[in-house]
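Trainee: I would like a close look at a single part here, with what packs around it and what lies elsewhere along the chain. Please take it slowly, and give the cut-offs behind each term as it comes up.

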Amino acid sequence: MQLRQYLEERNLPVAVFAARLKVNASSVYRYMSGRVPTTEILRRIQRATDDEVTPNDFFLSPANAGAACECGAPAVVFAPGEGEPSRAWCLVHWPCR
Ligand SMILES: [Zn+2]
């Protein structure tokens with residue numbers, strides 16, 4: 001299930017869920033818009049939602065459906081850290097270029 005849907009169906013405030021993950025609310029809004037959290041945060045989200053929101057829900061989200069690397073290959077867009085730009089992760093080449 002998408003994170004946004006999970007929170008909306010439960011009327012769970014972003015601030016409350018963010019506190020459970022020990023991240024700030026702005027990070028949760030980025031995850032809700034389809035940005036992929038770090039591996040550690042993906043684990044916390046899966047635990048906090050009783051396995052309802054899994055890593056695949058991020059990698060296969062509509063927000064990532066059209067994402068592309070600079071080389072044109074499909075990519076996953078990760079949530080940036082504070083003050084960092086989003087990073088597109090090439091799914092075909094490692095490393096890309
Ligand atoms: Zn690439």
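Mentor: M32 has its place in helix α3, where helices (H or I, at least four residues) and strands (E, at least two) are DSSP runs numbered from the N terminus. The model is a predicted one, in which local features need pLDDT of at least 70 and side-chain atom pairs count only at pLDDT 80 or more, while totals for chains, interfaces and linings use all residues. Residues are numbered from 1 along each chain as its sequence is written.

M32 has 19 C-beta neighbours inside 10 Å and therefore counts as partly exposed; a residue is buried if 20 or more other C-beta atoms lie within 10 Å of its own, exposed if 12 or fewer, and partly exposed in between, with C-beta atoms placed from the backbone. When residues up to four places away in sequence are not counted, M32 touches L3 and R4, contact here being a pair of C-beta atoms, placed from the backbone, that lie within 7 Å. The C-alpha atoms of M32 and Q5 are separated by 8.7 Å, although these two are 27 residues apart along the chain.

Elsewhere in α3, the buried residues are S27, V28 and Y31. They cover an arc of only 100° around the axis, which puts them on the same side of α3, the arc being that of the directions from the helix axis to the C-beta atoms. As background, an α-helix has 3.6 residues a turn, so residues three or four places apart point the same way. These buried residues of α3 pack against α1 and α2.

Helix α2 (residues 14-21) and helix α3 (residues 25-32) meet at an angle of about 100°, with their axes 8 Å apart; axes are lines fitted to C-alpha atoms, for helices over the stretch in contact, and angles run from 0 to 180 degrees between N-to-C directions. That makes α2 roughly perpendicular to α3, given that angles under 35 degrees count as roughly parallel, over 145 as roughly antiparallel, 65 to 115 as roughly perpendicular and the rest as oblique. On the α2 side V14, A15, F17 and A18 take part, and they meet A25, S27, V28 and Y29 in α3. Sorted by class, this contact of α2 with α3 has 7 nonpolar, 1 polar and no charged residues, where Ala, Val, Leu, Ile, Met, Phe, Trp, Tyr, Cys and Pro count as nonpolar, Asp, Glu, Lys and Arg as charged, and the others, Gly among them, as polar. F17, again leaving out residues up to four places away in sequence, touches L7, L12 and V28.

Just after α3, G34 takes a positive phi of about 110°. In the loop between α3 and α4 one finds S33, which is partly exposed, with 13 other C-beta atoms within 10 Å. R35 lies in the loop between α3 and α4 and counts as buried, because it has 20 C-beta neighbours inside 10 Å. Once its neighbours within four places in sequence are left aside, R35 is in contact with R30, V77, F78, A79 and S86, and its C-alpha atom is separated by 7.2 Å from that of F58, 23 residues apart along the chain.

N11, in the loop between α1 (3-9) and α2, has a positive phi of about 50° although it is not a glycine, and with 6 C-beta neighbours inside 10 Å it counts as exposed. For context, most residues other than glycine have a negative phi.

Methods: Two residues are in contact if their C-beta atoms, placed from the backbone, lie within 7 Å.
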